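The report below goes from the overall dimensions to the sheet, then to the helices, the ligand shell and some local backbone features. Please read it alongside the sequence and the coordinates.

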Amino acid sequence: MKTQIKLPEQAVPEAYFDVRYEILRKPLGSPKGSERLGGDDEAIHCWVEDEGKVVAVGRAHLIPENADGSAFDQKAKSACPPFEPLCAGYKPMQDDSGLEIPSVGLRPAVQVRAMGTLDEYQGQGIASKVLDALEKESVTVWSAKTGWLQARVEAIPFYEANAWCCFGSEYEVPNVGPHVSMWKKF
Ligand SMILES: CC(C)(COP(=O)(O)OP(=O)(O)OC[C@H]1O[C@@H](n2cnc3c(N)ncnc32)[C@H](O)[C@@H]1OP(=O)(O)O)[C@@H](O)C(=O)NCCC(=O)NCCS
């Protein structure tokens with residue numbers, strides 16, 4: 001198994017997007033092309049190859065200084081709400097571990113999106129390698145202090161196993177399903 005990293009503006013192989021489609025979009029009935037996300041060109045991408053075959057993928061992007069992480073995904077017809085601690089006027093709240101999420105020192109902040117491992121490769125620690133590489137590269141490239149993501153509820157145990165923590169209430173992402181926001185201090 002080989003872990004590959006591509007920095008912003010570097011080319012990512014088609015096979016990377018094929019895996020993203022297969023795992024994250026096809027099961028929702030979304031058309032081909034819906035796996036392309038806004039900001040892919042500016043993101044850090046990581047994937048794991050098994051003898052040249054892409055088997056797991058994920059990406060991280062820098063959340064702009066004046067943004068709160070909310071997004072509308074035209075192709076998937078799906079909207080993501082903001083991360084409350086990144087919103088103007090945020091009053092410190094506790095995450096699910098009881099830790100206070102402060103109102104300062106959170107940025108530079110990155111968002112992790114589109115993590116997926118091919119079915120037959122799941123449960124072998126492969127996505128953990130992808131996530132770890134994305135976190136480390138985000139610190140190196142952007143000096144990221146925190147990470148944020150919107151987890152499908154069934155993926156929460158995976159992120160928790162990698163020291164991410166839930167906060168706030170569960171919400172529905174249209175056309176995808178129930179999600180919970182998670183964060184991690186790097
Ligand atoms: C979530 C996902 C990316 C995890 O990929 P993976 O390669 O199987 O993850 P790993 O093997 O690195 O998991 C590491 C740890 O997470 C935990 N974990 C992973 N999936 C889990 C699950 N479904 N339930 C409980 N724990 C889980 C395990 O504790 C595992 O540790 P272990 O090795 O001690 O068992 C994969 O299940 C997937 O592609 N799911 C479908 C797409 C998806 O939901 N993506 C996330 C969108 S937010």
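The radius of gyration is taken here over C-alpha atoms, and the globule rule used for comparison is 2.2 Å times the number of residues to the power 0.38. By that rule a compact globule of 186 residues would have a radius of gyration near 16 Å, and the protein agrees, with 16 Å. The C-alpha trace spans about 45 × 35 × 30 Å along its principal axes. The model is predicted, so local features need pLDDT of at least 70 and side-chain atom pairs count only at pLDDT 80 or more, while totals for chains, interfaces and linings use all residues. Residues are numbered from 1 along each chain as its sequence is written.

**Overall make-up**

Helices (H or I, at least four residues) and strands (E, at least two) are DSSP runs numbered from the N terminus. The protein has three helices and eleven strands, and from the N terminus on its elements run β-α-β-β-β-β-β-β-β-α-β-α-β-β. A residue is called buried if 20 or more other C-beta atoms lie within 10 Å of its own, exposed if 12 or fewer, and partly exposed in between, with C-beta atoms placed from the backbone. Buried residues make up 32% of the 186 residues. Two residues are in contact if their C-beta atoms, placed from the backbone, lie within 7 Å; among contacts between residues at least 6 apart in sequence, 68% join residues at least 24 apart.

**The sheet**

Strands of a sheet pair through backbone hydrogen bonds, either parallel or antiparallel. Two strands are taken to pair if DSSP finds at least two bridges between them. Seven strands form an open sheet with mixed pairing, in the order β1-β2-β3-β8-β9-β11-β10. Its edge strands are β1 and β10 (165–173), each of which pairs on one side only. From one strand to the next the twist averages 20 degrees, where axes are lines fitted to C-alpha atoms, for helices over the stretch in contact, and angles run from 0 to 180 degrees between N-to-C directions.

| Strands | Bridges |
|---|---|
| β1 (residues 2–6) and β2 | five bridges |
| β2 (residues 44–50) and β3 | seven bridges |
| β3 and β8 (residues 109–117) | seven bridges |

Individual bridge partners can be followed across these strands. Q4 has W47 in β2 as its bridge partner, and W47 in turn stands opposite V57 in β3. V48 is partnered by A56 in β3. Towards β8, L62 stands opposite V110 and I63 stands opposite A109.

How covered is strand β3? Ten of the eleven residues of β3 (residues 53–63) are buried, leaving the strand mostly covered. Strand β2 is largely enclosed by the rest of the structure, because five of its seven residues are buried.

**Helices and ligand shell**

Helix α1 (residues 14–25) lies across β2, β3 and β8, and runs at about 75 degrees to β8. Helix α2 (residues 126–142) lies across β1, β2, β3, β8 and β9 (146–152), running at about 35 degrees to β3.

A residue counts as near a molecule or strand if its C-beta atom, placed from the backbone, lies within 6 Å of it. The ligand is surrounded by 20 residues, of which the closest are T117, Q122, A127, S128 and P157. The elements that give two or more residues to this shell are α1, β8, α2, β9 and α3 (156–161).

**Local backbone features**

The hairpin of β2 and β3 has two residues between the strands, and within it E51 takes a positive phi near 50 degrees, although E51 is not a glycine. E51 counts as exposed because it has 7 C-beta neighbours inside 10 Å. S143, in the loop between α2 and β9, likewise has a positive phi, near 55 degrees, in a residue other than glycine; S143 counts as exposed, with 11 C-beta neighbours inside 10 Å.

A cis peptide bond, with omega about 0 degrees, joins R107 and P108, and P108 is found in the loop between β7 (100–101) and β8. Elsewhere, G89 has its place in the loop between β5 (78–80) and β6 (93–94), and G89 is exposed, with 6 other C-beta atoms within 10 Å.
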